[in-house]
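Please examine the model shown below.

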Protein chains: 2
Amino acid sequence: MDTEFGLIEWIRRRAAAREGVPLGIGDDCAALRLAGEALVTTDMLMDGRHFRLGEATPDQVGYKALAVNLSDIAAMAGRPVAAFVAVALPKDNAGAIARGLWEGMRPLAERFGVALAGGDTNAWDGPLVICITVVGEATARGAVRRSGAKPGDALLVTGPLGGSLLGRHLRPRPRVAEALAIHEAVDVHAMIDISDGLAADLGHVLEESGGLGAVIDEGAIPVHEDAVAIARDDGRPPVEHALHDGEDFELLLAVAPDDADRLLAGTPPGCEALRRIGVVSDRPGLRLRSADGAERVIEPRGFDHLAC
Amino acid sequence: MDTEFGLIEWIRRRAAAREGVPLGIGDDCAALRLAGEALVTTDMLMDGRHFRLGEATPDQVGYKALAVNLSDIAAMAGRPVAAFVAVALPKDNAGAIARGLWEGMRPLAERFGVALAGGDTNAWDGPLVICITVVGEATARGAVRRSGAKPGDALLVTGPLGGSLLGRHLRPRPRVAEALAIHEAVDVHAMIDISDGLAADLGHVLEESGGLGAVIDEGAIPVHEDAVAIARDDGRPPVEHALHDGEDFELLLAVAPDDADRLLAGTPPGCEALRRIGVVSDRPGLRLRSADGAERVIEPRGFDHLAC
């Protein structure tokens, strides 16, 4: 039988030190030295809601729980520094699940230079719940918000969309390096990571930017092969999946048109899949333009996490 | 029926702005400007484990969940800045519970100048889970760790202990101002908040300080009237409750003996209940000295959150 302190010690021994984290696991708080503004994001994943233990292994859950938070840091063009992991473990198998979560998080933490600097370990009769908070730092260029899109801005995405349910949603690649490279190259007006779906997340950017609209070129949307595969089964057009599926964790960004040209001409490192998909407009609403020039209004289908 | 975005908007409208928090609820991350080192702590509370909905109201749960995190910031002599609240809400009553949690958190957040700057809102078939992360900042005097106790240091506690189960555990008073006042007045070598019980938490300080020991004067321990009340029922001595009950959320600190004299002579604001209870020793182990000078070894009874 694992004990709480035994498990914390097991993790503490494996948690790598990191510059900027003078105090990690083992005190009342962790202490971090941040170069710029602190960026903070938190995400809770629950068994039966965001994953199913049995279909997904604990290390897949650990990976995803950390990755979605890193993706939020990426969406601000920030650098991740430290992660804090709180868990409610099913008591029958608490230790094995905890170690599995850790095994999933570790390679990701190492790759992105994130210290596992604290958390809270509990067991109970209920299903697995994992809540990760990541603290990052803004670069000298500042954090990129959702709210800075301007009429005329070009809209770009960092990779193909749709069909993540086939498995990709469990192993998203946080676009941290891509975001930093893009923000280094040009002034990014607004950015968001695509978790609710391209249409819904673009809707968030437009709303936060003062009630703007956008026109998306249907043929310009990069459609993932998984969206094509799902479309074969359900008969809906692949582009519908690319617009609405969610959990892609690619970035959607708004930049001045000249800067879009610049980004697409001299591709920043890792951004080979960057595509321009449309333009921000001062006319509210989201419109999809087909090859023949016809436009139709599309409604974001936001995922409501309160509706079960 | 509440929607996720409706609920987030409800909270966002009520969340007060705060200097140092340029970006709160509504983006991928919050952004904070911190004056010193970032202090980060996270605590997860689960229905059936840390409270029982029905016995405790949602606003009591919200209060406690925030208070225990503020207490961790206090234990480092830090200033709390922002709170991040992730919840798994029982779907049958998600909106009402969420608003109740908020009503419990709000007065505490206002009193301690903490911005509710982000979170994650979910509903499910399971019991209520709330996970709060608080980010604070160290003062110019630096964060106080658990690990700096020295042989000869005086041990002090900020208030009476024991019997919190009678109800006090639901409404702890985070000793943030007290910790700042004490740390301003003297050099605090080590500090911890008493959550697992005086004996267990003193054990943590002694272990983290390099395997030291301590002698506690039995008669000097401030025993809470609730400990006396519980002792009447269970027949155990009140001091046993003061040593082992936990969830007091008073602070235990180690300072040089002269500084202890100074603190007790010129009481810092709010620290009228401060008491000297013993001394740190280089002889490992925790010993309790009774009025006749006899010493007995006491074993910390740590609460194992993995053992159900």
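How far is the sulfur of A:Cys29 from the closest cysteine sulfur, and in which residue does that sulfur lie? The closest one belongs to B:Cys131 and is 14 Å away, too far for a bond. A disulfide is taken here as a pair of cysteine sulfur atoms within 2.5 Å, and by this rule the count over all chains is 0. B:Cys29 is likewise in no disulfide, the nearest cysteine sulfur being that of A:Cys131 at 14 Å.

This is a predicted model, in which local features need pLDDT of at least 70 and side-chain atom pairs count only at pLDDT 80 or more, while totals for chains, interfaces and linings use all residues. Residues are numbered from 1 along each chain as its sequence is written, chains are lettered from A and ligands numbered from 1 in the order in which they are written, and side-chain values use heavy atoms, with hydrogens and water left out.

**Relation of the two chains**

Superposition is by least squares on the C-alpha atoms of residues with pLDDT of at least 70 in both copies. Chain B can be laid on chain A with an RMSD of 0.0 Å by a turn of 180° and a shift of 0.0 Å along the axis. The two copies are thus related as by a two-fold rotation axis. Of the interface residues of chain B, 100% are also interface residues in chain A, so the copies meet through the same surface; contact means heavy atoms within 4.5 Å.

**The aromatic pair**

A pair of aromatic rings is described by the distance of the centres and the angle of the planes. Rings of Phe, Tyr and Trp (its six-membered ring) pair if their centres lie within 6.5 Å; planes under 30 degrees apart count as stacked, over 60 as edge-to-face and the rest as tilted. The structure holds 1 aromatic pair over all chains. With ring centres 6.4 Å apart and planes at 20°, A:Trp124 and B:Trp124 form a stacked pair. This pair crosses between chains, from strand 4 of chain A to strand 4 (residues 115-124) of chain B.

**Strands**

Helices (H or I, at least four residues) and strands (E, at least two) are DSSP runs, numbered from the N terminus. Two strands pair if DSSP finds at least two bridges between them. Buried means under 20% relative accessible area, exposed over 50%, and partly exposed in between (1.4 Å probe, protein chains only).

In strand 4 (residues 115-124) of chain A, 9 of the 10 residues are buried, so the strand is largely enclosed by the rest of the structure. Strand 3 (residues 78-90) of chain A runs parallel to strand 4 of chain A and is joined to it by 9 bridges. The chain passes from strand 3 of chain A through helix 3 (residues 94-112) of chain A to strand 4 of chain A in a right-handed β-α-β crossover, a term for a path from the first strand over the helix to the second that runs clockwise with the strands pointing away from the viewer. Within strand 4 of chain A, A:Thr121 stands opposite A:Val87.

In strand 2 (residues 38-46) of chain B, 9 of the 9 residues are buried, so this strand too is largely enclosed by the rest of the structure. Both of its faces are covered, with B:Val40 and B:Met44 among the buried residues on one side and B:Thr41 and B:Asp43 among those on the other. Strand 2 of chain B runs antiparallel to strand 5 (residues 129-138) of chain B, with 9 bridges between them, and B:Leu45 stands opposite B:Ile130 in strand 5 of chain B. Strand 1 (residues 30-32) of chain A also pairs with strand 2 of chain B, in the antiparallel sense over 3 bridges; here A:Leu32 stands opposite B:Ala38.

**Selected residues**

The relative accessible areas of several residues are tabulated here.

| Residue | Relative accessible area | Class |
|---|---|---|
| A:Cys29 | 2% | buried |
| B:Cys29 | 1% | buried |
| A:Trp124 | 4% | buried |
| B:Trp124 | 3% | buried |
| A:Glu240 | 12% | buried |
| A:Val215 | 8% | buried |
| A:Ala77 | 0% | buried |
| A:Glu247 | 26% | partly exposed |

A:Glu240 lies in helix 7 (residues 238-244) of chain A. Not counting residues up to four places away in sequence, A:Glu240 touches A:Asp245, A:Arg296 and A:Arg301.

A:Ala77 is not a glycine, yet has a positive phi of about 55°; A:Ala77 is found in the loop between helix 2 (58-75) and strand 3 of chain A.
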